[in-house]
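This report describes the structure shown below, beginning with the surface beside one of the DNA strands.

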Protein chains: 2
Amino acid sequence: MADVSDRVAEPAVPRPTIPSGVTIRDVAAHAGVSIATVSRVLRRTAFVTATTRDRVLASVADLRFIPSPLGRALAEGRHAANGIVFPDLSGPYYADVLLGYEEEAGELGRSVLILSTHGRDAAPEMVRELAGRVDGLVLLGRTISDDVIAELSERGLPIVLLARPATGAVDSVKAENVESARALTAHLLAHGHRELAFLGDADRSPDTLERCSGFGAALAAAGLKPAAAVLGGFSEEEGRRAAHELLHTGLPDAVVCANDELALGLVAAIRAMGKAVPGDVAVTGWDDVMAARYAGLTTVRQPMRELGALAARMLDLRIRGEGGQVRHEVLRTELIVRDTCGQHQQTDQQVRQLEEYR
Amino acid sequence: MADVSDRVAEPAVPRPTIPSGVTIRDVAAHAGVSIATVSRVLRRTAFVTATTRDRVLASVADLRFIPSPLGRALAEGRHAANGIVFPDLSGPYYADVLLGYEEEAGELGRSVLILSTHGRDAAPEMVRELAGRVDGLVLLGRTISDDVIAELSERGLPIVLLARPATGAVDSVKAENVESARALTAHLLAHGHRELAFLGDADRSPDTLERCSGFGAALAAAGLKPAAAVLGGFSEEEGRRAAHELLHTGLPDAVVCANDELALGLVAAIRAMGKAVPGDVAVTGWDDVMAARYAGLTTVRQPMRELGALAARMLDLRIRGEGGQVRHEVLRTELIVRDTCGQHQQTDQQVRQLEEYR
DNA sequence: CGAGGGCTTGTAACCGGTTACATGACCGGT
DNA sequence: ACCGGTCATGTAACCGGTTACAAGCCCTCG
């Protein structure tokens, strides 16, 4: 501790300056009025004579004055910005959540700051620093610990948790997992599959944990035990790796994957090794990303954009003090049956395809 | 103009406050020192007695003080944040660019603000406002006009253009388009296709314009004329719409699409209508998104993450005043031959597949 | 013992806005 | 002519930091 701060840092970069340069005082001088009047004209916060107003507006235009959001934020005590924190940004899931969030937040007149923690140790500091720049924060999945959330929340920072179990008195939004996983697993059982494995790392995401537990519950209800679980992150690469592992230990009848990328990687690798999907092994994914449609992957669709958008709206309410009671929203999912889960009636498939592409 | 500002706005929301509340003055009082000393301890910008330092650090910990980035930014004249502006956020292309950008910017210690203009009229104002919150800006594609870019650039705001032709003395990064489109088109010609159409709206993206012109050049070199062009945005939906149009006017031998989503939508719709791809018509895409691999789409891969990351690095250099000469970087692309462009040697395909999935 | 110098610390100005309060002009009524 | 009230505008404090400069302390050297 002591030795950290007893050295003096260099002055670093040759002091940069905020561009633009023209301030409210320049405008005031140029228009021959006080800065208060300029502010009043621009914010329309009090009556100003028509002639004065015009003089000020002319000066604003002449000097191309743009009020500094910084000065504003400092004086007003608000940022007109909010943040969203991801564990990671890769993959279509996060991209779609962000898309929905940004769109809604933009509509509500707020700038959006993003941060992905990449599982770094410095995550708490990064989030704390971000917290100082925004009026509210959306936190996704397993980004930081409950302690930090509690700390920020106690400071009075509005927070919405997304795809993370509720903690303390904080709003949350998520898509349904347990029941959906149970339904998906039941579907596989109905196909006659009996030896089922789950692929995904429950420790790395609350969603995965819930999906895994729904999976287990469905098996238990059928009097079955899960085949040896396989760990794995969330990428196609890890799906392919899992394929090699499974081939070693012996293929189960079906593999329920924590997300589509894992499933797609798994399917591709299994087929590349000369085995058939769903013939030798059935596979399911989760999320219904674009590639899933083209790969014929059976999966569970969750409303990713809507998750982001809803989080943005809930956060906005909270920030404006109209949040009311703590809310915990759970959005519905939809089972999307395609080819990788096993044989279906021919007609079923045709109907589905027609619907899908109109 | 006059009537816009002669009404007084309501006070709006009950004045919110920035959370946290504990300021450097609180810490100073708690530790029995001046605010200057607190600042010095935290920034390690001057020597401070060990005992004083410890007292200050103890107070900082006790009060859980987090310096306001706002106050800092105002005093330092810098934000430690930069922005990136998208025309739109949907689709894997933007997501990947953002991913690369955020990762690199985070590494460089900068917060990231994002904005998508969605083609709104207010885009210039939105970008100007964003400009006041950041030390530098990356602008993607056709987001705002050259005037606004020039205006911001003249103010001294560091800017990097991404996937947008160079304008004025501003850095730019893009992936190669013209030559790549020419090569892709030549590949189709080598298959024996003679009547080729281009699908995409050249007015809506500089990239598309260049791809279209490379396409046209290759045809001209072969003494051919393009089949009636089809307009279309960038989504699968518009690809499907184009399929219906084409079927009306008569299918060409091949369709070169401005991006993968268009191509995927087109292929799916054509097949749903009972025609074969590539049998009746060959189709190519652009970007090599994940779904393209699973759909067997012939396409051109561009290094999307690297585009974002490089833009972040160039912007950082510019902000630190080490940018030097204006740079225009053009990254290489790669032609990815799969199934939708027509029949190949069987061996070729097998080799490719093996490579792809190891 | 006093001057000089190095080191630590405090004071106050500043960054760019917002706004409470004070001021002064102008109006109408008695 | 004077008073009171309304309205437009200016003055200055404030938001939360950074930092130039001044001041005070202690030590050393002549």
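## Surface near DNA strand C

In this predicted model, the residues of the surface near DNA strand C comprise 16 nonpolar, 9 polar and 4 charged residues. DNA strand C is surrounded by 29 residues, and the closest of them are A:I24, A:A36, A:G71, A:A75 and B:F47.

Both protein chains take part: α2 and α4 of chain A, and likewise α2 and α4 of chain B, each supply at least two residues of this surface. The largest share, 6 residues, comes from α2(A).

## Surface near DNA strand D

Around DNA strand D there are 29 residues, of which A:A36, A:F47, B:I24, B:G71 and B:A75 come nearest. By class, the residues of the surface near DNA strand D are 16 nonpolar, 9 polar and 4 charged.

## Nonpolar core

The largest nonpolar core contains 184 residues, and A:L266 and B:L266 are those with the most contacts inside it. Leaving aside residues up to four places away in sequence, B:L266 touches B:L199, B:G239, B:R240, B:A242, B:A243, B:V255, B:C257 and B:V283.

## Overall form of chain A

Chain A has 14 helices and 11 strands. Its radius of gyration is 27 Å, well over the 21 Å that the globule rule gives for 358 residues, so chain A is more spread out than a compact globule. The C-alpha trace of chain A spans about 85 × 60 × 40 Å along its principal axes.

Of the 358 residues of chain A, 48% count as buried. Among contacts in chain A between residues at least 6 apart in sequence, those joining residues at least 24 apart make up 71%.

## Confidence in chain A

The mean pLDDT of chain A is 90, and 91% of the residues of this chain reach 70 or more.

Notes: Residues numbered from 1 in each chain as written. Chains lettered and ligands numbered in written order. Predicted model: local features only at pLDDT ≥ 70, side-chain atom pairs only at ≥ 80, totals over all residues. Core = buried A, V, L, I, M, F, W, Y, C linked by C-beta atoms within 7 Å. Buried ≥ 20, exposed ≤ 12 C-beta atoms within 10 Å, placed from the backbone. Contact = placed C-beta atoms within 7 Å. Near = placed C-beta within 6 Å. Nonpolar A, V, L, I, M, F, W, Y, C, P; charged D, E, K, R; others polar. pLDDT = per-residue confidence, 0-100. Helix = DSSP H or I, 4+ residues; strand = E, 2+ residues; numbered from the N terminus. Rg over C-alpha atoms; globule rule 2.2 N^0.38 Å.
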